[in-house]
Amino acid sequence: MDGANHADAEKLFAQALKLNSTAPDALLHRANLRMLQQRAAEAESDLETCIRLYPKNLLARLRLATVFMAKEDISGANRMLDQAAEYDPDSSEVHCYRGGENNDTTIAFFPYRFHHTLSHNLLLFIELHFARGEFDEAKAEFEKAMKCDPSNPTPYVNSALAVINTPPSGGSMVPDFAEAITLLEKAISVDPMFHSAYVQLGQMKLSIATDLTKAREVVELYDKGLEYCRTPDEVKDICSMRILTMAQIDAAHALNMESLQMQ
């Protein structure tokens, strides 16, 4: 399924369910496949079957919430999240879903994008909070997730992005980069292999770099991130950011500029 060979994957899930029609993993993974294929009704059916057979299956309720969001059924999504929270009120994952995180793609909704380790359906939760101006609510859910599982780097990254995408207040003209950077550095400290944190931290630090020395520190950050990459895609991602950063530094040198900031 990771290789987009959906037809073969569907056959394998059918065979697995033929052997055991109540296998929760097969139902969950087939629902994921059907969500990728935009077959929401069939995904919903698999997830509801899984919940009926295994009422305490937290993941099935969270996945079903994303299906409801894709259908713009906000009340249904909230109902699933409420039920998941009832079964496990201390689940970091539940709070992350409420705030809006997980995996797979990026949409251009914010000035700073939620990284491609987030799924499109779950980004709808973020859009919902932000469209309503509920910036504090989104950040609060991420903070709950941090308390539930301090070793999970994802809510630190998403909380940082929520900070950056929150409109400035109190007369300030810029977001609170200092708070966002602190959160991203915390994400790296709890999981040095979380490449999304390196990408976002590098972008933020480069955007506020006051001189070329600070810009070179971003290159060093990417070099550190490359040491911890787990997949070719992560290497490609960070290498791309490193190349772009070096190109800006080289251009600044060629123009005898002392910083990347245009005067």
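In the predicted model, Asn256 is placed in the segment after H13. The phi angle of Asn256 is near 60°, a positive value in a residue other than glycine. Asn256 counts as exposed because its relative accessibility is 71%, and the cut-off for that class is over 50%.

The fold to which this segment belongs contains 13 helices and zero strands. Followed along the sequence, the chain accordingly reads α-α-α-α-α-α-α-α-α-α-α-α-α. Of the 263 residues in the chain, 46% are buried. The accessible surface amounts to about 13600 Å², and carbon and sulfur atoms account for 52% of that area. When contacts between residues at least 6 apart in sequence are considered, 55% of them join residues at least 24 apart.

The largest nonpolar core comprises 36 residues, and Val157 and Met204 are the members with the most contacts inside it. Two or more residues are given to this core by each of helix H8 (135-148), helix H9 (154-165), helix H10 (177-190), helix H11 (195-207), helix H12 (212-227) and helix H13 (232-254). The surroundings of Val157 can be described residue by residue. With neighbours within four places in sequence left aside, Val157 is in contact with Leu184, Ala187, Phe194, Ser196, Ala197 and Gln200.

The packing of one helix pair was also characterised. Two packed helices are described by the angle between their axes and the distance between the axes. For helix H4 (residues 58-70) and helix H5 (residues 74-87), the axes come within 7 Å and cross at roughly 165°. H4 is therefore roughly antiparallel to H5, since angles over 145 degrees fall in that class. The contact involves Leu58, Arg61, Leu62, Leu64, Ala65, Phe68 and Met69 on the H4 side. On the H5 side, the contact is formed by Ile74, Gly76, Ala77, Arg79, Met80, Leu81, Gln83, Ala84 and Tyr87. The crossing of H4 and H5 is left-handed.

Conventions:
Residues are numbered from 1 along each chain as its sequence is written. This is a predicted model: local features need pLDDT of at least 70, side-chain atom pairs count only at pLDDT 80 or more; totals for chains, interfaces and linings use all residues. Side-chain values use heavy atoms; hydrogens and water are left out. A nonpolar core is a set of buried Ala, Val, Leu, Ile, Met, Phe, Trp, Tyr and Cys residues joined through side-chain atoms within 4.5 Å. Buried means under 20% relative accessible area, exposed over 50%, partly exposed in between (1.4 Å probe, protein chains only). Helices (H or I, at least four residues) and strands (E, at least two) are DSSP runs, numbered from the N terminus. Contact means heavy atoms within 4.5 Å. Accessible areas come from the Shrake-Rupley method with a 1.4 Å probe; for residues, only the protein chains shown count as cover. Axes are lines fitted to C-alpha atoms, for helices over the stretch in contact, and angles run from 0 to 180 degrees between N-to-C directions. Angles under 35 degrees count as roughly parallel, over 145 as roughly antiparallel, 65 to 115 as roughly perpendicular and the rest as oblique. A crossing is left-handed if the near helix is turned anticlockwise from the far one by less than a right angle, and right-handed if clockwise.
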